[in-house]
Amino acid sequence: MKKTVRCPDVLNHICEELDTKLTTAQCRELKRHLAKCPNCTAYLDSLKTTIRLYSLAPVKHPSPKARKQLFAILKLKA
Amino acid sequence: MTPHLSEHELIRKAQKGDERAFTQLIKRYETLVYSFAYKVCRDSDKASETWQDTFVNVYRKLHQFDGRSKFTTWLYSIVTNNCRMKRRQRKLDLASVSIESATGLHDQPKTDEEGHTIQTIPSWRETPLDSVMDKELRGVLDEAIQKLPYDYRVVFVLRDIEGLSAEEAGKILKLSVPAVKSRLRRARVFLRERLNPYMTA
């Protein structure tokens, strides 16, 4: 008998493999589930948004004071 | 001047004691190191100290770098070691937060009369890029990742923000690939659950 894909199984798999293409046999089964399950689709989309929001955080730079201190510690010319 | 040297040439010169090459090496990687330290430490002062300690370590240990791994992988390893040591010294890390969280996904979801699954997990609202700079959302994001325990936060930052592979992250953190994947899954779920009330309000 074919094993039914359950939402928690889908969650466990897609949470780990968000960045890989769903191409294996098991993944094709997950894709079929996703296509008809609005809950897993909403969850997957929200996980992707979570990652996107964090990856958009502004880039931080060291302060001039910290840089000056570092070059002084290493006795290097800035 | 050494601005146009390749990474390999720059490292080789710096290993031979060329101070201008080492200065150039710092300039080339200072933002990567500081930015990563800040994302993991979540504190400007700690990030600055970690940033300085990292380049002091690089200066002292550069002769040990054999080029078998990427230079950036080596840098990430030094940063994570320094962050970990700071946590031990200061003992200021937040109380451990339970990572086990309800996801709202069930074995047997509700269905309508025709057997179609009823959506019980609300979709998140659209988030235009500009709103990421929004103070309120930034506060929610900062608070959530601050509460994420360090061991999970560092995996999330390496994999999802810095874009390293599970193998590279495992090498840096001395973890197996399955352990990296497990921590990443939990970190993603943890953060998602904390953003959920804001994103569905």
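Helices (H or I, at least four residues) and strands (E, at least two) are DSSP runs, numbered from the N terminus. The model is predicted: local features need pLDDT of at least 70, side-chain atom pairs count only at pLDDT 80 or more, and totals for chains, interfaces and linings use all residues. Residues are numbered from 1 along each chain as its sequence is written, and chains are lettered from A and ligands numbered from 1 in the order in which they are written.

Lys31(A) belongs to helix H2 (residues 25-36) of chain A. Lys31(A) has 14 other C-beta atoms within 10 Å and is therefore partly exposed (20 or more such atoms make a residue buried, 12 or fewer exposed, and counts in between partly exposed; C-beta atoms are placed from the backbone). Its C-alpha atom is separated by 9.2 Å from that of Val10(A), 21 residues apart along the chain.

In chain B, helix H1 (residues 7-15) has the buried residues Leu10(B), Ile11(B) and Ala14(B). They lie on the same side of H1(B) because they cover an arc of only 95° around the axis, taken from the directions from the helix axis to the C-beta atoms. The face turned away from this buried side carries the exposed His8(B) and Glu9(B). Gly17(B), with a positive phi near 95°, follows H1(B).

Contact between the chains (C-beta atoms, placed from the backbone, within 7 Å) is summarised by residues contributed:

| Chain | Contribution |
|---|---|
| chain A | 36 residues |
| chain B | 43 residues |

On the side of chain A that touches chain B, H3(A) gives the most, with 14 residues.

Technical notes:
Two residues are in contact if their C-beta atoms, placed from the backbone, lie within 7 Å.
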